[in-house]
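Good morning, everyone. Please take a look at the structure on the screen, and then I'll walk you through a few of its charged pairs and helices.

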Amino acid sequence: MRYIRHVTKVKQHVVHSFRRTLKDLLRDAGASKEINDFITGYGSWDVASTYGVGPSLQVRFDALNKVDHPWL
């Protein structure tokens, strides 16, 4: 939370707020649900999603770079 307080002093803003905001921003940027869920830490409940190690670092990097990061 100490890092969050450097960005905002609003007590209602917590780490989960930024997680939800990033989920919306990734969706708006056109990231697939699979990549969006992987980056934001939401699990998938089908067996196929447990195979492999997830999207490549490059794919995750590209998805995150589609989002504006004015708070950084």
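Let's start with one pair. The side chains of Asp-37 and Lys-33 form a salt bridge, at 2.6 Å from N to O. By salt bridge I mean a side-chain nitrogen of Lys or Arg within 4 Å of a carboxyl oxygen of Asp or Glu. Asp-37 and Lys-33 are 4 residues apart in helix α3, so about one helical turn separates them.

Now the ground rules. This is a predicted model, where local features need pLDDT of at least 70, side-chain atom pairs count only at pLDDT 80 or more, and totals for chains, interfaces and linings use all residues. Residues are numbered from 1 along each chain as its sequence is written, and side-chain values use heavy atoms, leaving out hydrogens and water. Helices here are DSSP runs (H or I, at least four residues), as strands are (E, at least two), numbered from the N terminus.

Back to the pair. Is Lys-33 buried or exposed? Lys-33 is exposed, with a relative accessible area of 61%. Asp-37 is buried, at 9%. The cut-offs: buried is under 20% relative accessible area, exposed is over 50%, and partly exposed is in between, using a 1.4 Å probe and protein chains only.

Asp-37 has another partner. Lys-23 forms a salt bridge with Asp-37, and their closest N and O atoms are 2.4 Å apart. Lys-23 sits in helix α2, residues 15–28, and Asp-37 in helix α3, residues 33–40, so this pair ties together parts that are 14 residues apart in sequence. Lys-23 is buried too, with a relative accessible area of 14%.

How many salt bridges does a search of the whole structure find? It finds 3. One of them joins the side chains of Arg-27 and Asp-24, at 2.8 Å from N to O. Both residues lie in helix α2, 3 residues apart, about one turn of the helix. Arg-27 is partly exposed, at 47%. Asp-24 is also partly exposed, at 39%.

Next, the two helices. The axes of α2 and α3 come within 10 Å and cross at roughly 160°. That makes α2 roughly antiparallel to α3. Axes are lines fitted to C-alpha atoms, for helices over the stretch in contact, and angles run from 0 to 180 degrees between N-to-C directions. Angles over 145 degrees count as roughly antiparallel, under 35 as roughly parallel, 65 to 115 as roughly perpendicular, and the rest as oblique.

Which residues make this contact? From α2 come Arg-19, Leu-22, Lys-23, Leu-26 and Arg-27. From α3 come Asn-36, Asp-37, Ile-39 and Thr-40. Contact means heavy atoms within 4.5 Å.

Stay with α3. Ile-35, Asn-36, Asp-37 and Thr-40 are buried there. The cover over the buried residues of α3 includes α2 and α4, residues 57–65. After α3 comes Gly-41, with a positive phi near 85°.

Last stop, Ala-63. Ala-63 lies in helix α4. It is buried, with a relative accessible area of 6%. Setting aside neighbours within four places in sequence, Ala-63 is in contact with Leu-26, Ala-31, Ile-35 and Ile-39. The C-alpha atoms of Ala-63 and Leu-26 are 7.1 Å apart, though 37 residues separate the two along the chain.

That's the tour. Thank you.
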